[in-house]
Amino acid sequence: MTLKERWYSFMHNEKLKKEFNEIIFGTDTVEGKLFDVLLIAGIFISVFIVIVDSIEGINHGFHVLFVYLEWFFTIFFTCEYLMRLYCSEKASSYIFSVFGIIDLLSILPTYLSLIEDSAHVLMVIRVFRIIRVFRIFRMFEFMREGQILLNAIRFSSQKLVIFFSLVILSVVTLGSLMYIVEGAEPDTKFENIPVSIYWAVVTMTTVGYGDITPVTVLGKLISGVVMLLGYTVIAVPTGVVSSSMVKEMKNKYSPICPYCGKHNVATDSKYCIYCGRPLSPEELEILQKKKEREMNGYDEDDDLNVDEVNNA
């Protein structure tokens, strides 16, 4: 068999691809879990090397060793990336997925360092690959709660955009006002409007570096107002997202009426609070079981369906 024929046989060996896929992408087997543990250990070590290499005193003594280790991990991650392409059911789906993009970005900096020496520091991007740890420990419930948070932020996005638009208008206005009030003072640090806007941002976010401070009475009065407004920058978006999260939690964990399909049906009530349809004891029992199963982390496909309720 020629080299070309062997390569063709390797690239089209579906059985081998399936075995590699179970190890590289799966966590149900011992080999798959071991692979992910070794991968994450490699990520931690490679990121640690990049961080330590940036310390000048250590860099001088171990620079050559760090270079060899950096290339070792880069070649390892490159082989892993190519293996993922090889055993993926559809290579393009992996390439343009979130993990695929992160995997590619994690190996590019070392190769780019051949052109630009400082590019190797971008290897810290590899730390994002540690997200794979969720697949090892099967933290589905944690991911489910994370999904609730993302949904809450998405549902609150319009309110948040409007609020932050008002914040931007406020800092621009207050910065311009402070430039008018403080700009004419001798040795003022409010040299121009952009600098004054920077001061407004730092003050409103309650960071308060202290590098720019007003000297006039009116300027100090405006500063006090900006500081008080700063609390709303934290309180308002927190309240908006929290409200959406409470609503999302209710929608997720409250049972569904088998007639109108709406959430927040009280399991101790004989009637649906929305459509008013009477609920039999059997239906209430099924709704209660459904709620308990959802709160215990069962998937929706495992829950009792509407047909079971109607046939009760």
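Q: Among contacts in the protein chain with a separation of 6 or more, what share joins residues 24 or more positions apart?
A: This is a predicted model, in which local features need pLDDT of at least 70 and side-chain atom pairs pLDDT 80 or more, while totals for chains, interfaces and linings use all residues. Residues are numbered from 1 along each chain as its sequence is written, and side-chain values use heavy atoms, leaving out hydrogens and water. A contact puts heavy atoms within 4.5 Å. Of the contacts with a separation of 6 or more, those between residues 24 or more positions apart make up 56%.

Q: How many helices and strands does the protein chain have?
A: Both are DSSP runs numbered from the N terminus: helices are H or I with at least four residues, strands E with at least two. Read along the sequence, the chain's pattern is α-α-α-α-α-α-α-α-α-α-α-α-α. The count is 13 helices and zero strands.

Q: What percentage of the 312 residues in the protein chain is buried?
A: Relative accessible area (1.4 Å probe, protein chains only) sets the classes: buried is under 20%, exposed over 50%, and partly exposed in between. Across the 312 residues of the protein chain, the buried share is 31%.

Q: On which residue is the kink in helix α4 centred?
A: Helix α4 spans residues 56–87 and has a kink of about 80°. The bend is the angle between axes fitted to the seven residues ending at a residue and the seven starting there.

Q: Which elements are included in the cover over the buried residues of α4?
A: The buried residues of α4 are N59, F66, E70, F73, T74, F77, T78, E80, Y81, R84, Y86 and C87. The elements that cover them include α1 (3–11), α2 (14–24), α3 (30–53), α5 (91–95) and α6.

Q: How far is F73 from G42 in space, C-alpha to C-alpha?
A: F73 lies in helix α4 and is buried, because its relative accessibility is 9%. In sequence, F73 and G42 are 31 residues apart. Their C-alpha to C-alpha distance is 7.2 Å.

Q: How many aromatic pairs are there?
A: Rings of Phe, Tyr and Trp (its six-membered ring) pair if their centres lie within 6.5 Å; planes under 30 degrees apart are stacked, over 60 edge-to-face, and the rest tilted. The number of aromatic pairs found by this rule is 12.

Q: What is the angle between the planes of F62 and F66?
A: F62 and F66 are four residues apart in helix α4, so about one helical turn separates them. F62 is partly exposed at 46% relative accessibility, whereas F66 is buried at 10%. The pair is tilted, with centres 6.2 Å apart and an angle between the planes of 35°.

Q: Which residues do ring pairs link into a cluster?
A: The stacked pair of F10 and Y86 came up above. Both belong to a cluster linked by ring pairs, whose members are W7, F10, F20 and Y86.
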